[in-house]
Amino acid sequence: MKYSKFMKIDKIIVKTKETTYPILVGNGSISLLKKQVNKLCPNTKKIAVIFDKNVPNIFKTKIKKLLKKYKIFIKDYSPSERLKNFSNVNILIEYLIKNKFNRNDLVIAVGGGIIGDFSGFVASIFKRGINFINVPTTLLAQVDSAIGGKTGVNSKNGKNLIGSFYQPKLVISDISFLNSLPKREFICGFGEILKYSLIKDQKFFNFIKKNSKQILKGNNLSILKYLVLRSSRNKVHFVIADEKESNKRMILNFGHTFAHGIESSNNFSKKINHGEAVLIGMLLATKLSFYNNICSLKTLEEIEKIYVSNKLPSKLNKYLKKKQINNISKLMVNDKKNDDEKISLILLKRIGKTTTPGKIKMSVDKVGNFLKKIN
Ligand SMILES: NC(=O)c1ccc[n+]([C@@H]2O[C@H](COP(=O)([O-])OP(=O)(O)OC[C@H]3O[C@@H](n4cnc5c(N)ncnc54)[C@H](O)[C@@H]3O)[C@@H](O)[C@H]2O)c1
């Protein structure tokens, strides 16, 4: 795939068993919102717009202007993993009920993965499902969380344990929203982009390897558009094959079982966020693959080189105390992809190829000892 023309708005179609929806990727693709709402949700009268507090006002004003013919209700949340909580879901649902929203009306999320997961979950259970549109505004949300219909909130016992599969009517990934993103958030998005290349796309890995510094600077909109398009297509490939994550889609969890253990052990504090935990988790999964003769030393070293040269998060002890590190494997067993007392893991065979879902299962002790050994 070549760089798409920068100004062109590209459309990716997601076709699941129950529904079909477009992802509109481009610089300024938000301008299509009004026309799309008209077309996809023709009976909508009221719209709840759930904003991420850190999305710049210029975009918020633009979105409100585009929707001015509707009765709009604005919510502005400060995102944190603690927002992804069942009591906050309840509060927002009661707000929609009080304002007499019905199923023909619409919820639009404008923010990162936290706002998207939270609002999507509310939309999925409000009156058994109200129209939902996702406007992801972080790199991570554009390349990953806004696509595929997984919504949810956290439990005190683990990450994303309460949720649903609920496809949006539309996703608008406007690259210009990324202009205001802090450097830390580019690193987080980079983690998920690297994931696609490691699990499926060796050519993409070569591109990332060559351009990692430029990608992490986050100022080249053509490169960003290319990354969003290619990652979105990779994700759609897995979602179409296995919407409800019974098999193939589990490959997308490469590094995430570790990441969810890390985030839970850290009690979801901002000290380490999701994308950073994923980066550490993928390196741990690769090391575990090497120690179990599943991938070669060359593969591990090639991946490690990207971490070292870009100073990417890699060491658990930089973020967690020894006690918290020792707790990770116990929390991993609570991950929703596990069906018994063992930890089910996706490991790496080589760049572009993982182990088969369900094939690798390890005891809590084995994973715990591995974590002790390498830290
Ligand atoms: N549903 C899925 O399939 C899926 C997949 C991957 C991750 N996730 C979830 O996504 C969440 C992480 O998402 P995230 O990395 O986007 O984090 P996030 O939602 O916390 O956003 C990161 C930060 O960027 C700020 N921000 C958002 N847009 C901005 C903009 N345009 N300019 C400036 N600042 C902006 C936010 O306020 C926040 O401080 C986690 O909860 C994770 O579990 C879900």
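Here are a few friendly notes on how this predicted model is put together.

1. Start with the sheet. Seven strands form an open sheet with mixed pairing, and their order is β1-β2-β9-β6-β5-β3-β4. Residues 10-15 make up β1 and residues 71-77 make up β4; these two strands stand at the edges with a single partner strand each, so one side of each has no neighbour in the sheet. From one strand to the next, the twist averages 15 degrees.

2. Now look at one pair of strands. β3, residues 46-52, runs parallel to β4, and the two are joined over 7 bridges.

3. Helix α8 (residues 221-241) lies across β1, β2 and β9, and runs at about 15 degrees to β1.

4. Step back to the whole chain. The domain assignment gives domain 1 as 10-180, while domain 2 is made of 184-217 plus 245-374. Their C-alpha centres lie 28 Å apart.

5. Finally, where do the domains touch? Contacts link 14 residues of domain 1 with 17 residues of domain 2. On the domain 1 side, α5 (139-145) and β8 (158-165) are the elements giving two or more residues, and α5 gives the most, with 4 residues. By class, that side has 4 nonpolar, 6 polar and 4 charged residues.

Technical notes. Residues are numbered from 1 along each chain as its sequence is written. This is a predicted model: local features need pLDDT of at least 70, side-chain atom pairs count only at pLDDT 80 or more; totals for chains, interfaces and linings use all residues. Two strands pair if DSSP finds at least two bridges between them. Axes are lines fitted to C-alpha atoms, for helices over the stretch in contact, and angles run from 0 to 180 degrees between N-to-C directions. Two residues are in contact if their C-beta atoms, placed from the backbone, lie within 7 Å. Domain bounds come from an automatic or database domain assignment. Ala, Val, Leu, Ile, Met, Phe, Trp, Tyr, Cys and Pro count as nonpolar, Asp, Glu, Lys and Arg as charged, and the others, Gly among them, as polar.
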